[in-house]
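Have the model open as you read.

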Amino acid sequence: IKQVSCWSDVKNVVDESRIVVGNDCAYLHMAIWKGVPTVMLLGPTLSAINGVWKYGLGENIESNISCCCNDLWKGKCIHSLRCMNAIPAKDVVNAIRKFL
């Protein structure tokens with residue numbers, strides 16, 4: 001994992017990656033755009049809208065807990081990230097193995 005300070009650094013990290021794993025964020029969307037395999041972890045956001053779908057190589061892993069936070073787009077969670085924490089680690093590992 002490299003320290004990044006600007007968008008060109010993010011682009012370089014993504015370009016050098018074999019796979020990118022994370023939540024619905026700029027890194028993941030850049031990886032999708034660049035054709036890097038991506039595993040997107042979805043808690044409060046929906047895969048039909050934000051996930052890896054027809055534009056990318058990868059997989060969505062959705063929480064089995066339906067969650068909605070009023071300040072989601074401000075980076076605030078009133079539920080202690082319970083939807084993200086409910087995603088089983090084994091599901092993430094199995095998804096990663098498909099693309100390595």
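A quick word on terms before the details: a residue is called buried when its relative accessible area is under 20%, and contact means heavy atoms within 4.5 Å. Keep in mind that this is a predicted model.

## What α2 hides

Which residues of α2 are buried? They are Leu28, Met30, Ala31 and Ile32. The cover over these buried residues includes α1, β1 and β2, with β2 spanning 38-42.

## How α1 sits on α2

Helix α1 runs over residues 7-15, and it packs with α2 at an angle of about 55 degrees, the two axes being 10 Å apart. That angle is why α1 counts as oblique to α2. As for handedness, the crossing of the two helices is right-handed.

On the α1 side, the residues that meet α2 are Trp7, Val10, Lys11, Val14 and Asp15. Their partners in α2 are Ala26, Tyr27, Met30, Ala31 and Lys34. Sorted by class, this contact of α1 with α2 has seven nonpolar and three charged residues, with no polar ones. Met30 and Ala31 turn up here as well as among the buried residues of α2.

## Either end of α2

Is aspartate 24 buried or exposed? Its relative accessibility is 16%, so aspartate 24 counts as buried. The aspartate 24 side chain also makes a polar contact with the side chain of histidine 29, at 2.6 Å.

After α2 comes glycine 35, which has a positive phi, near 80 degrees.

Note on methods. Residues numbered from 1 in each chain as written. Predicted model: local features only at pLDDT ≥ 70, side-chain atom pairs only at ≥ 80, totals over all residues. Heavy atoms only, no water. Buried < 20%, exposed > 50% of the residue type's maximum accessible area, 1.4 Å probe, protein only. Polar contact = N/O pair within 3.5 Å; in protein donor to acceptor, adjacent residues only side chain to side chain. Axes fitted to C-alpha atoms, helices over the stretch in contact; angles between N-to-C directions. Helix = DSSP H or I, 4+ residues; strand = E, 2+ residues; numbered from the N terminus. Parallel < 35°, antiparallel > 145°, perpendicular 65-115°, else oblique. Left-handed = near helix turned anticlockwise from the far one by under 90°. Nonpolar A, V, L, I, M, F, W, Y, C, P; charged D, E, K, R; others polar.
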